[in-house]
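User: Please take a close look at one part of this model, the nonpolar core, and explain what surrounds it.

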Amino acid sequence: MSVTVLLFASYADALGASSLSVDLPAEATVADVLAEIARLPGSELLPASPLVAVNQRYASTSTRVSPGDEVALIPPVAGG
Amino acid sequence: MTPLGRLTREPIDAAVLVREVARPAHGAILLFLGVVREVNDGRGVTGIEYSAYEAMAGFELQAIASEAADRFGPADVVIVHRLGELGLEEASVGIAVGHAHRDEAYQLSRWTIEELKRRVPIWKREHYVDGTREWADPAGRPVAEVHQ
């Protein structure tokens, strides 16, 4: 299956993209998504366990992902 | 109905926010504006560029506005965060709170801005007087710019 991974701010700069499609085995979790991202050039600039959202809600590394899900890597937020 | 928590690319109109939370039951209305400051961490700032994970940020702002009203209610809370390029003295965030009493209104205003800073997926890139620009971390300290 594949999921869309969104990148923002410094993470988008690090990986040179704001959106990626990642292929995963069935029953994958957020941890599997992060492992795939960690193989990409530029990912060494990201923390080992970035904040993650699945379908616009904060999630944990054990959160299951489904085909077509929107997984976002959230840099330290700086609103206000 | 206009969402109580929302993003905008237009200048924030403080008078509109105040009107939105005015009710006959409220004896206290507070307006908080976060504005672009000329110095951060000892460096001269000329402006700030705000960006967001818009769908999620809108959801979180709305959630904070409803939670705030539940937490210290009965209250009215409106939160607007601006995106795009902002110059000095321009407001990046506006929070209006209406409550029967001032004690709760002050608590509510403070809780709302801290919660926004803690969990709403918004980022800022500061532009400095020397022409450089860097992403700021939540403590306000710049993160080294990534050069590609």
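Analyst: A nonpolar core is a set of buried Ala, Val, Leu, Ile, Met, Phe, Trp, Tyr and Cys residues joined through C-beta atoms within 7 Å. Buried means that 20 or more other C-beta atoms, placed from the backbone, lie within 10 Å of the residue's own. This is a predicted model, in which local features need pLDDT of at least 70 and side-chain atom pairs count only at pLDDT 80 or more, while totals for chains, interfaces and linings use all residues. Residues are numbered from 1 along each chain as its sequence is written, with chains lettered from A and ligands numbered from 1 in the order in which they are written.

The largest nonpolar core has 62 residues, and Val33(A), Val77(B) and Ile79(B) have the most contacts inside it. Helix H2 (residues 54–72) of chain B gives this core its largest share, eight residues; helices (H or I, at least four residues) and strands (E, at least two) are DSSP runs, numbered from the N terminus. In general, nonpolar side chains of soluble globular proteins tend to be buried together.

Contact between two residues means that their C-beta atoms, placed from the backbone, lie within 7 Å.

Between the chains, 18 residues of chain A are in contact with 25 residues of chain B. On the side of chain A that touches chain B, the largest share, four residues, comes from H1(A).

Conventions:
A residue is buried if 20 or more other C-beta atoms lie within 10 Å of its own, exposed if 12 or fewer, and partly exposed in between; C-beta atoms are placed from the backbone.
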